[in-house]
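Grab a pencil and work through these exercises with the structure open beside you. Try each task before you read its solution.

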Amino acid sequence: MRLRTHDLGNSNLIGASLNKKRKAMGLKQKEFIVQLQINGIDISTSALPKIEGQHRIVTDKELSAIADVLNVTTDSLLGRKRII
């Protein structure tokens, strides 16, 4: 496992959370990309590291599929807590 050598960007809110949750599930980036593709999101092997590094914007469709693959809510990826 390589350690991140660059600072996180500011193009999305979910990158660091996605990276942490993906690794907690034991999924490698390529395995995660395959799961996204099964869910209808065609993402390249170079796009996922950019998303995790917060250097690429994430579309709403991608956000939804990422949450589905990780079995979490979009709010949790965004770092939002629900107040009822």
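**Exercise 1. Salt bridges**

Task: Which side chain does Asp-75 meet in a salt bridge?

Solution. Step 1: Asp-75 pairs with Arg-80, at 3.7 Å from N to O. That passes the test for a salt bridge, which asks for a side-chain nitrogen of Lys or Arg within 4 Å of a carboxyl oxygen of Asp or Glu. Why can such pairs form at all? Side chains of opposite charge can pair when their charged atoms come close.

Step 1: check the surroundings. Arg-80 has 55% relative accessibility, so it counts as exposed. The scale goes like this: buried is under 20% relative accessible area, exposed is over 50%, and partly exposed is in between (1.4 Å probe, protein chains only).

Before you go on, two notes on the model. It is a predicted one, where local features need pLDDT of at least 70 and side-chain atom pairs count only at pLDDT 80 or more, while totals for chains, interfaces and linings use all residues. Residues are numbered from 1 along each chain as its sequence is written, and side-chain values use heavy atoms, with hydrogens and water left out.

Solution. Step 1: the count is 3 salt bridges.

Step 1: the side chains of Arg-22 and Glu-52 meet at 2.6 Å, N to O. Since Arg-22 sits in helix α1 and Glu-52 in helix α3, this pair ties together parts that are 30 residues apart in sequence. (Helices are DSSP runs of H or I with at least four residues, strands are runs of E with at least two, and both are numbered from the N terminus.)

Step 2: look at how covered the partners are. Arg-22 is buried at 5% relative accessibility, and Glu-52 is buried too, at 1%.

Step 3: Glu-62 and Arg-56 form another salt bridge, at 2.9 Å from N to O. Here Glu-62 is buried at 8%, whereas Arg-56 is partly exposed at 24%.

**Exercise 2. Two helices crossing**

Task: At what angle do the axes of α2 and α4 cross?

Solution. Step 1: the axes come within 10 Å and cross at roughly 115 degrees. Axes are lines fitted to C-alpha atoms, for helices over the stretch in contact, and angles run from 0 to 180 degrees between N-to-C directions.

Step 1: name the residues. The contact is made by Phe-32, Gln-35 and Leu-36 of α2 together with Ala-65, Ile-66, Val-69 and Leu-70 of α4.

Step 2: sort them by class. The contact of α2 with α4 has 6 nonpolar, 1 polar and no charged residues. (Ala, Val, Leu, Ile, Met, Phe, Trp, Tyr, Cys and Pro count as nonpolar, Asp, Glu, Lys and Arg as charged, and the others, Gly among them, as polar.)

**Exercise 3. Positive phi in loops**

Task: Is Gln-54 buried or exposed, and where does it lie?

Solution. Step 1: Gln-54 lies in the loop between α3 and α4.

Step 1: Gln-54 is buried, with a relative accessible area of 11%.

Step 2: check the backbone. Phi of Gln-54 is near 60 degrees, a positive value in a residue other than glycine.

Task: Now do it again for Asn-71: buried or exposed?

Solution. Step 1: find Asn-71 in the loop between α4 and α5 (74-78). Step 2: Asn-71 is exposed, at 70% relative accessible area. Step 3: phi of Asn-71 is positive, near 60 degrees.

Conventions: Contact = heavy atoms within 4.5 Å.
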